[in-house]
Amino acid sequence: MPTIYIDDQPYEVPEGDNVLQACLSAGLDLPYFCWHPAMGSVGACRQCALVQFRDEQDTQGRIVMGCMTPVAEGARFSMQGPDASEFRSKIIQSLMLNHPHDCPVCAEGGECHLQDMTVMVGHRKRSYRGRKNTHRNQYLGPLVHHEMNRCIACYRCTRYYNDYAGGTDLAAQGAHDHVYFGRQQDGVLESEFAGNLVEVCPTGVFTDKPLVNDYTRKWDLQSAPSVCVGCALGCNTSVGERYGKLKRIHNRYNTEVNNYFLCDRGRYGGNFVNDESRPLFAGLRNQQQRYDAIEQQQALDTLAEWCGTGRRVAAIGSPRASLESNYLLRRLVGVENFNSGMADHEAALLSQVHGLLASNGVVTPSLQQVEHADAVFILGEDVTNTAPRLALALRQSVRSKAFELAAELKIPVWQDEAVRVLAQQQRSPLHIVAMSDTRLDDVAASTAAHSPDDIARLGYAVAAALDNSLPAIEDLASDLQSRAQQIADDLRSASRPLVISGTASQSAAVIDAAAAIARALSQTDKMLSFCLPEANSLGVAMLADAQQPSFSELTRRSNNGEIDTLLVLENDLYRRAPQSSVEALLKNAGKVVVLDCVDTATMSCSALALPTASFAEAEGTLVSSEARAQRYYPAFLPAEQRQPAWQWLKQMGQQLQPARFDPLPHFDDITAACAADCPALSRIAEAGPNAGFRIRGLKVPRQPHRYSGRTAMLSNHNVHEPKQPVDEDTPLAFTMEGASGARPGALLPFVWAPGWNSNQSVHKFQSRVGGPVSGGTAGVRLIEPQQEVSHSVLPPQPVFTASDAVLWLLPLHRIFGSDELSARAPAVAELVSQPFIQLNTTSAHRLNLNEGDYAILSWADTRCEVQVQINDAIPDGCAGYGMDLPGAAWLPPDTHASITAADGGSDV
Amino acid sequence: MSDRPLTININAARDATDINGYEATGGYQALRKVLAQMSPADCLTAVKDSGLRGRGGAGFPTGMKWSFVPMDNVSPGHKYLICNADEMEPGTFKDRLLLECDPHQLIEGMIISAYTIQADVAYIFIRHEYHLAIKLLKQAIADCHARGYLGDNIQGSGFNLQMYVHSSAGRYICGEETALISSLEGKRANPRAKPPFPQVSGLWGRPTIVNNVETLCNIPHILKHGGEWFQNLGIGADAGTKLFGVSGRVKNPGCWELPMGTPIRELIEEHAGGMQDGYQLKGFLPGGASTDFLVPEHLDLAMDYDVIGKAGSRLGTGTMIILDDQTCPVGMVKNLIDFFAQESCGFCTPCRDGLPWSGQVLGDIDSGNGIPADLKTLQQQVKFIGAIGNTHCALAPGAMEPLQSALKYFADDFQQHIDGKACPYCDTPAVAMEA
């Protein structure tokens with residue numbers, strides 16, 4: 001570690017850093033704008049200037065930019081000297097020439113990096129007498145609000161949006177002091193990661209539109225560390241609340257997981273929590289088939305009656321509910337009566353994935369490791385739509401080649417522009433074989449779309465090319481054979497190859513082929529990652545027990561009248577199985593009790609509906625697709641009778657089986673019991689600090705120091721300030737008082753440091769800039785690669801032959817719409833497409849269908865009408881089906897449907 | 001052996017020299033000699049020995065610049081030579097003369113230069129408004145292909161070179177070599193941070209040399225006659241001849257090839273014919289709009305890079321803009337600053353926002369709305385923007401040069417504007433840029 005001198009003080013700094021990084025890591029407040037820890041340096045804003053001296057004798061020195069200057073042993077700088085300070089002050093004054101004085105009405109106010117830096121530099125008096133430049137704002141869609149006059153032209157937005165996230169519709173336009181950052185014309189930002197502009201922009205040009213429309217200042221938000229429930233990646237989030245409403249979700253830094261960025265489903269999808277249709281009270285269905293709101297105790301008494309001695313009770317858990325809730329439900333009804341909440345096919349896929357992760361001998365990478373992969377092969381997934389944040393990580397992985405080239409020329413990795421210029425279009429190989437085109441195709445070395453059977457066959461061919469002890473795929477077309485060879489060669493010659501597959505193709509063979517490829521690789525740093533459907537899919541798969549009845553077994557029992565009471569936990573069964581079979585299950589099951597935080601079709605079939613708390617109002621543990629157990633904490637107390645599902649279940653248990661449930665009074669007790677009962681989950685208590693955790697004897701406050709108006713919030717009801725609620729289940733407190741400073745990454749409700757009101761303050765919590773949170777990275781990995789056990793591959797799939805009569809409906813997921821909860825958030829709902837089918841031109845022509853027409857799909861006893869989209873990436877004999885979109889019929893695996901034009905054509 | 005090699009084929013009364021005319025006066029003999037007898041290393045030595053310094057304005061030794069290009073071929077791929085013909089420095093019109101009168105001189109220079117660095121692709125990045133030159137260059141390149149001076153296996157040497165003319169979209173900043181490269185790649189014409197230098201990672205991330213038109217035009221003569229001959233062309237410290245120009249209220253504005261080291265007085269008083277009747281010389285920008293003013297006391301200085309540098313300015317492009325005694329220096333500087341502010345790429349703060357700020361202050365002073373504190377503001381701006389390293393590229397520091405020297409030499413004029421709350425030259429329209 002070199003030593004540098006700043007204002008004559010020696011600092012040991014990390015080798016290879018730039019001086020700005022070194023200063024920030026050393027705790028010095030050097031202002032900056034354009035530099036970003038994940039995006040490196042370009043030297044645009046000139047704010048991080050210091051004076052560098054040649055040696056001890058040099059008293060003049062010269063201005064250098066901290067972000068553009070590598071650290072070097074013995075290098076001497078002045079940060080506080082008059083020249084450096086005056087220069088930085090001039091920069092701020094220049095940036096403020098055209099900046100409007102609209103902080104009071106700006107959504108960034110109070111967490112504005114520009115405000116912070118202006119104060120830090122001490123610019124108070126304006127001497128510029130000219131007029132301010134103004135710009136027209138653009139409509140950028142429902143997620144991001146645009147206010148261009150505030151721009152200080154730091155270029156972070158385009159560098160993030162285009163260079164980092166691969167967007168193409170946001171650009172720096174114009175020149176000199178009229179540079180304009182926007183789209184070529186008004187319109188919805190196309191990138192699925194556009195929301196990060198809100199956090200990347202150092203001022204209020206790009207702000208969170210749903211927040212702007214229902215605004216609260218950062219200092220007035222009560223926040224909690226949370227985990228995104230939008231997909232299985234488990235991105236860490238910070239949920240902010242005011243007046244009982246979720247106001248916004250921000251990124252919570254986790255160096256191994258989401259780093260600095262979220263996807264837009266994660267950032268904006270949480271607003272379903274504010275949906276007024278969410279149940280508030282326990283509801284008991286009356287004679288008129290309507291629900292009567294009942295008291296909590298009456299609900300529990302009813303449950304006690306329905307689940308008491310002699311009643312045959314079964315329960316269905318949920319991959320979107322916490323481990324604790326699932327575990328308590330299982331404990332309540334017994335393993336032999338508990339199903340994880342997935343239909344047989346999905347459960348089998350998850351069980352297969354779990355088995356492979358545990359015994360394949362291959363690392364399941366964190367997103368951080370994904371970013372460093374130097375050859376990637378994706379089988380069957382459109383990652384942007386099934387595990388969105390992973391796609392952003394993969395976009396970084398293809399830059400491994402660029403960093404290799406830069407290392408040869410000794411260009412530091414943070415020299416962003418220089419590294420990009422050097423590498424241009426040279427990328428590490430990314431090969432994609434999916435069911436249609438994907439949003440990563442633009443950075444892929446090769447892309448192809450096939451049916452799941454053919455994807456699996458190609459995968460096995462790649463495995464066979466890597467390991468000649470594996471059976472060759474005989475009847476593979478020659479172009480596919482050479483593609484397989486190319487992919488195998490790229491994977492073989494990489495240092496950190498990564499194979500990605502998942503459940504999206506609903507194919508066990510695709511998953512098996514991916515695992516076979518990973519096993520066939522010889523590198524120690526080889527990686528295998530699976531995209532999984534829901535926030536706790538892997539968690540419930542790990543909780544699963546061999547004695548558990550399958551979904552079809554439960555259905556059989558119900559249809560045979562063997563279930564008196566069926567408990568359904570946070571699960572809409574109509575998204576799991578065909579409508580007719582779910583209807584039969586629920587109809588024949590005696591009493592159906594549904595616990596959920598949202599109103600679903602399943603809840604509408606219940607005899608008793610219990611309102612549960614959402615992720616924002618409850619604590620729980622989720623296991624991500626990386627097998628990382630992570631804890632989320634409530635940001636606010638749930639309204640009325642809503643309470644965490646585990647609370648309902650605990651109360652039921654205490655009433656029904658006091659001996660088994662009384663020892664579990666608190667959340668941590670349940671986590672511990674789950675860990676004890678399930679060896680695969682034995683470490684979940686380490687997912688986050690427990691309720692007894694204290695920092696210097698203090699809990700962690702959810703409210704910032706400057707939280708205002710707490711006494712006034714309820715003054716329209718009562719002028720007395722109520723006692724703040726006591727949180728017995730977490731180490732967080734509903735107060736402004738408590739521990740500040742360093743804490744575990746799992747306990748960062750919000751980031752703030754003196755002088756750093758914006759999210760840039762996160763570096764104050766890092767061990768070094770861009771490094772792990774100094775209190776420890778959130779979450780615990782439950783599966784580390786074990787000695788590989790011997791595997792045999794599944795028998796090869798037959799060649800898929802297209803049929804004229806029916807088309808194979810391939811499930812196409814959508815970031816906006818395919819996820820149950822986020823699609824209920826109003827801003828996301830605006831972006832959800834209606835149910836659709838994608839046909840290639842050949843199929844469309846044969847069926848006499850055109851773009852925008854409506855088509856009738858028929859399979860089994862399902863008939864549904866969807867809109868036609870033409871997409872020539874769809875393989876022959878197949879059609880893409882918009883999976884799980886609101887209003888779309890549930891699609892069973894391996895569905896082959898007949899397709900006809902809807903009556904009345906396209907004006908339906 | 002002419003002592004005015006650059007203009008040997010240039011005659012204002014004639015059309016441009018075509019390939020026949022060029023060959024008739026010894027054209028392409030240097031290229032034939034190089035390809036037949038010299039290795040790239042020999043050529044580099046010759047150019048180094050000649051003491052040739054870049055004629056684009058910065059005066060960097062050409063041979064040294066070329067020597068940074070990796071020649072080991074460990075990283076196979078293209079190397080590029082780019083001719084910077086984006087002549088947009090206000091008051092500068094020397095490259096235009098070379099381009100419009102003798103395009104083959106440039107092309108021969110480029111082929112030899114490309115051979116020296118073993119570039120296989122060359123671009124002429126040319127100012128959009130130079131329509132005639134673009135036409136002539138395209139014709140010249142076609143003629144070269146026909147005679148085997150361009151294309152594959154040039155003159156049987158095994159050396160290949162493709163050459164393209166790229167017409168710029170017209171931004172001053174494209175004259176900055178890294179901005180030029182960005183523009184050529186189809187990106188915003190933003191300059192790039194150095195290091196890495198273009199010699200290592202330039203166009204498309206490959207080793208690239210960018211040279212000014214006039215620099216490249218010198219190459220055939222150096223290779224033909226040798227470095228010593230070239231050294232001896234200069235009459236002062238620097239080697240060779242150079243095109244010098246004069247614009248402003250002189251009797252005979254124009255452009256002449258003169259030995260390096262020629263006294264300024266000779267250029268202005270003899271070649272340009274001295275000031276127009278009724279006008280006195282008040283000052284001049286010796287090398288284009290982005291150089292510091294010099295004043296009559298400097299007239300006897302030799303036009304050498306270091307001599308002008310020691311006097312506090314830069315030789316720059318060697319094309320002088322004359323300030324006469326009836327033109328307002330404040331107005332002239334404001335005009336210049338407004339130009340540079342307009343031409344800022346908008347990337348770094350001091351340039352993007354600092355130049356308009358300076359322009360606003362100058363505008364207020366010029367229109368009689370200045371206040372005494374404005375002079376301090378301008379001094380601060382000069383310090384803030386004026387040093388290389390404070391900004392992303394050299395545009396804004398260049399823009400500060402006329403301002404800082406005007407504040408020094410014409411302080412009284414600034415003071416009069418502020419004290420009198422009006423422009424003392426208001427009877428004379430403030431048009432300083434007429435050639």
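Start by selecting A:Pro772. Is this residue buried, exposed or partly exposed? With 18 other C-beta atoms within 10 Å, A:Pro772 counts as partly exposed, because a buried residue needs 20 or more and an exposed one has 12 or fewer. Keep in mind as you look around that this is a predicted model. A:Pro772 sits in the loop that runs between strand E28 (732-733) and strand E29 (780-781) of chain A. Setting aside neighbours within four places in sequence, the contacts of A:Pro772 are A:Thr255, A:Gln766, A:Ser767 and A:Thr777.

Next, pick helix H4 of chain A, residues 156-164. This helix is mostly covered, with 7 of its 9 residues buried. Among the buried ones you'll find A:Tyr160, A:Tyr161 and A:Tyr164, along with A:Arg156 and A:Arg159. What do they pack against? Show strand E7 (171-173), strand E8 (180-182), helix H5 (197-200) and strand E9 (206-208) of chain A, and you have the partners of those buried residues. Just past H4(A), click on A:Gly166, which takes a positive phi of about 75°.

Stay in chain A and go to strand E15, residues 313-316. A:Val313 and A:Ala315 point one way, A:Ala314 and A:Ile316 point the other way, and all are buried. Bring in strand E22 (residues 565-569) of chain A: E15(A) pairs with it in the parallel sense over 4 bridges. There, A:Ile316 stands opposite A:Val568. Strand E16 (residues 338-339) of chain A is another parallel partner of E15(A), this time over 2 bridges. In E16(A), A:Asn339 is the bridge partner of A:Ile316. Trace the chain from E15(A) through helix H9 (residues 323-333) of chain A to E16(A), and you follow a right-handed β-α-β crossover.

For a look at the nonpolar core, select A:Val462 and A:Ile517. The largest such core has 419 residues, and these two touch the most other members. Which residues does A:Ile517 contact, leaving aside neighbours within four places in sequence? They are A:Phe377, A:Gly459, A:Val462, A:Ala463, A:Leu466 and A:Val499.

Time to move to where the chains meet. The contact takes 31 residues from chain B and 32 residues from chain A. H14(B) gives the most, with 9 residues. By class, the chain B side divides into 13 nonpolar, 13 polar and 5 charged residues.

Now colour chain B by domain. The assignment gives domain 1 (5-233), domain 2 (241-324) and domain 3 (329-420). The centres of domain 1 and domain 3 of chain B, taken over C-alpha atoms, are 35 Å apart. Their contact takes 11 residues from domain 1 and 9 residues from domain 3. The domain 1 side of that contact has 7 nonpolar, 1 polar and 3 charged residues.

Last stop: helix H9 of chain B, residues 213-225. Why call this helix largely enclosed by the rest of the structure? Because 12 of its 13 residues are buried, including B:Cys217, B:Pro220 and B:His221. Just after H9(B), B:Gly226 takes a positive phi of about 95°.

Definitions and conventions. Residues are numbered from 1 along each chain as its sequence is written. Chains are lettered from A and ligands numbered from 1 in the order in which they are written. This is a predicted model: local features need pLDDT of at least 70, side-chain atom pairs count only at pLDDT 80 or more; totals for chains, interfaces and linings use all residues. Domain bounds come from an automatic or database domain assignment. Two residues are in contact if their C-beta atoms, placed from the backbone, lie within 7 Å. Ala, Val, Leu, Ile, Met, Phe, Trp, Tyr, Cys and Pro count as nonpolar, Asp, Glu, Lys and Arg as charged, and the others, Gly among them, as polar. Two strands pair if DSSP finds at least two bridges between them. A crossover is right-handed if, with the strands pointing away from the viewer, the path from the first strand over the helix to the second runs clockwise. A nonpolar core is a set of buried Ala, Val, Leu, Ile, Met, Phe, Trp, Tyr and Cys residues joined through C-beta atoms within 7 Å.
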